[in-house]
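I wanted to go through this one slowly and jot things down as I went. Here is the model I had open.

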Amino acid sequence: MSQEQKLRCPECHSEEVALTAEQMFMANTGEHCCHSVKTQDSDAKATCLACRWEGRHDQLEGYAAIAASWRQE
């Protein structure tokens, strides 16, 4: 991701946003099963650290432009 391409909160426009990765583990053995959601996935949980907005990665401002650049690489 280049410096001019930044994700921002759709509510307060802050760049202080975080994405959540989710993993699955077997309940009885604790063995790692899979990564069910990775941070680059469009449906990864997004949280604004400034205003506490919660949503999805693809709801962040700037996501469409950044996703388009990924497809060109």
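My entries start with the whole chain and then turn to single residues.

**Ground rules.** I am working on a predicted model, where local features need pLDDT of at least 70, side-chain atom pairs count only at pLDDT 80 or more, and totals for chains, interfaces and linings use all residues. Residues are numbered from 1 along each chain as its sequence is written, and side-chain values use heavy atoms, with hydrogens and water left out.

**Fold.** I looked up the elements and got one helix and five strands. Their order from the N terminus is β-β-β-β-β-α. Helices here are DSSP runs of H or I with at least four residues, strands are runs of E with at least two, and both are numbered from the N terminus.

**Overall shape.** I checked the radius of gyration: the chain has 14 Å, while a compact globule of 73 residues would be near 11 Å. That radius is taken over C-alpha atoms, and the globule rule is 2.2 Å times the number of residues to the power 0.38. The box filled by the C-alpha atoms is roughly 45 × 35 × 15 Å along the principal axes.

**Surface and burial.** I find 22% of the 73 residues counted as buried. Buried means under 20% relative accessible area, exposed means over 50%, and partly exposed is in between (1.4 Å probe, protein chains only). The chain exposes about 5200 Å², with 46% of it from carbon and sulfur atoms; the areas come from the Shrake-Rupley method with a 1.4 Å probe, and for residues only the protein chains shown count as cover.

**Contacts along the chain.** Of the contacts with a separation of 6 or more, 47% are between residues 24 or more positions apart. Contact means heavy atoms within 4.5 Å.

**Ser-14.** Is this one buried or exposed? Ser-14 is buried, at 14% relative accessible area, and sits in the segment before β1. Its side chain reaches the backbone nitrogen of Glu-16 at 2.9 Å. Leaving out residues up to four places away in sequence, Ser-14 touches Leu-7, Arg-8, Cys-9, Cys-48 and Ala-50.

**Ala-50.** Ala-50 counts as exposed, at 51% relative accessibility. Beyond its neighbours within four places in sequence, Ala-50 is in contact with Cys-12, Ser-14 and Glu-16. I also took its C-alpha separation from Ala-21, 29 residues apart along the chain, and got 20 Å.

**Phi check.** Most residues other than glycine have a negative phi. His-13 has a positive one, near 70°; this residue is in the segment before β1 (17-20) and is partly exposed at 42%. Arg-52 also is not a glycine, and its phi is positive at about 70°. I place Arg-52 in the loop between β4 (45-48) and β5, exposed at 55%.

**Arg-56.** Which side chain does the Arg-56 side chain meet in a polar contact? The partner is Asp-58, at 2.7 Å. A polar contact is a pair of N or O atoms within 3.5 Å; within protein, one must be able to donate a hydrogen and the other to accept it, and residues adjacent in sequence count only if both atoms are side-chain atoms. Arg-56 is in strand β5 (residues 54-56) and is partly exposed at 36%. Not counting residues up to four places away in sequence, Arg-56 touches Ser-42, Asp-43, Ala-44 and Ala-46.
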